[in-house]
Amino acid sequence: MLQVNFVSMKYLSAKKIITLAEQLIKEANFLLPPKTVQKLQEFAVAETDTTAKTVLMDLVKNTQIAQQNKLPLCQDTGTAVFFVEIGHLVTLDEPLMVSLTQAVKNSYKSNYLRASIVGDPLFDRKNTGDNCPPVVHIKQIVGEGFRLRFLPKGGGAENKSIVKMLRPVDGRQGVIKTVIEAAQAAGGASCPPWLVGVGIGGSFDSVAEIAKEALFRPIGERHEQKEYAELETEIAAKIEDLHIGALGLGGNKTVLAVHILARPTHIASLPVAVNFQCHSARMATGEL
């Protein structure tokens, strides 16, 4: 006799997902994470260069004005980037891309956020008018969990991000050299002090994704693996030695944090990606 085992499924409506996504879009654009604000405040106190110190104090003031007056932290409200973790026992009533696209349309309109997306990248750069389509990265996990992370990625910092395919023999020093050269090239055009996401491993396409995902780790949390934690600290110190400073005007405080994510890779490869996030290091996370 055939025995059928019924597995309990968790149902999530499109309405719930859209509501959560709209909340995260608004939160990310109006409020910096508390640990990021705290780091900017610490920088403003510690900075010895007079010009850079004034800039950092203005950046802190900007976060306060945005929060108090419910205004965007930056006029560039970015490409709408979502990272989704969805359990294998979760069922939806419409595709995630449909729900998240609708949320972007709703939230960017209702909160008067700038639409920054053109439909064709080369021949007809006409604004889509609703900041769509969003960029959506989906990862299936075990169970009934659903976590949504949102990052409004500004164009200035994004333009200075890189992917480089190193050789395995380049090793640790090759990674450091790649990140430092990227920081030198980025300069003030990417609005430091930065949060720097570094992806190591994976493949040509996936290493850029994990570099961006690394940005979500809260400032102040060290990598769980000692060797990578030490590498993050060393890279951050070498970036500070460049004296790029706040908004590229010089000074001693250029990097909020360096966060690394590493993944398995091919025996012949050592992919490295560097993804800069400007001082307005906006992001928000929610669960259902």
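Before I read off any packing angle, I need its meaning: axes are lines fitted to C-alpha atoms, for helices over the stretch in contact, and the angle between N-to-C directions runs from 0 to 180 degrees. I also note that this is a predicted model.

**Entry 1: two helices side by side**

I looked up how helix 6 and helix 8 pack. Their angle is about 35°, and their axes are 10 Å apart. The crossing of helix 6 past helix 8 is right-handed.

Which residues of helix 6 meet helix 8? I found R172, V175, I176, V179, I180 and A183 on the helix 6 side. On the helix 8 side I listed E230, L231, E234, I235, K238 and I239. I sorted the residues of this contact by type: eight are nonpolar, four are charged and none is polar.

The numbering made me think of a rule. An α-helix has 3.6 residues a turn, so residues three or four places apart point the same way.

**Entry 2: helix 6 by itself**

Helix 6 covers residues 171-186, which is 16 residues. I checked its span from first C-alpha to last: it reaches 23 Å, close to the expected 22 Å.

Next I asked which residues of helix 6 are buried. They are G174, V175, I176, T178, V179, I180, A182, A183 and A186. These buried residues pack against strand 6 (162-166), strand 7 (194-202), helix 8 (226-240) and strand 9 (270-277).

I then stepped just past the end of helix 6. There G187 has a positive phi of about 50°.

**Entry 3: helix 8 by itself**

Helix 8 has 15 residues. Its span is 21 Å, close to the 21 Å expected at 1.5 Å a residue. I marked A229, L231, E232, I235, A236, I239 and E240 as buried. Two glutamates, E232 and E240, are on that list. The cover over the buried residues of helix 8 includes helix 2 (34-46), helix 6, strand 7 and strand 8.

**Entry 4: the cores**

In soluble globular proteins, nonpolar side chains tend to be buried together. I went looking for such groups here.

The largest nonpolar core has 26 residues. V196, I239, V258 and F276 have the most contacts inside this core. At least two residues each come from helix 6, strand 7, helix 8, strand 8 (255-265) and strand 9. Helix 6 gives the most, with seven residues.

I picked V196 and listed its contacts, leaving out residues up to four places away in sequence. V196 touches V179, L215, I239, V255, A257, V258, H259, V274, N275 and F276.

I also found a second, separate core. This one has 25 residues, including F82, I86, L100 and L148.

**Entry 5: a lysine to check**

K212 sits in helix 7 (residues 204-213). Is K212 buried or exposed? Its relative accessibility is 12%, so I count K212 as buried, since the cut-off for buried is under 20%. Beyond residues up to four places away in sequence, K212 touches V81, F83, L151, K153, E158 and N275.

Most residues other than glycine have a negative phi, and most peptide bonds are trans. I searched for exceptions.

My first stop was the loop between helix 4 (96-110) and strand 4 (135-141), where P133 lies. A cis peptide bond joins C132 and P133, with omega about 5°. N131 is in the loop between helix 4 and strand 4 too. Its phi is positive, near 65°. N131 has 0% relative accessibility, so N131 counts as buried.

My next stop was the loop between helix 6 and strand 7, where P193 is found. P192 and P193 are joined by a cis peptide bond with omega about 10°. C191 lies in the loop between helix 6 and strand 7 as well. The phi of C191 is near 60°, again a positive value in a residue other than glycine. C191 is partly exposed, at 31% relative accessible area.

**Entry 6: one last pair**

I ended with Q64 in helix 3 (residues 50-69). At 37% relative accessibility, Q64 counts as partly exposed. How many residues apart in sequence are Q64 and L32? They are 32 residues apart in sequence, and their C-alpha atoms are 9.5 Å apart in space.

Terms used:
Residues numbered from 1 in each chain as written. Predicted model: local features only at pLDDT ≥ 70, side-chain atom pairs only at ≥ 80, totals over all residues. Heavy atoms only, no water. Helix = DSSP H or I, 4+ residues; strand = E, 2+ residues; numbered from the N terminus. Expected span 1.5 Å × (residues − 1). Buried < 20%, exposed > 50% of the residue type's maximum accessible area, 1.4 Å probe, protein only. Contact = heavy atoms within 4.5 Å. Core = buried A, V, L, I, M, F, W, Y, C linked by side-chain atoms within 4.5 Å. Left-handed = near helix turned anticlockwise from the far one by under 90°. Nonpolar A, V, L, I, M, F, W, Y, C, P; charged D, E, K, R; others polar.
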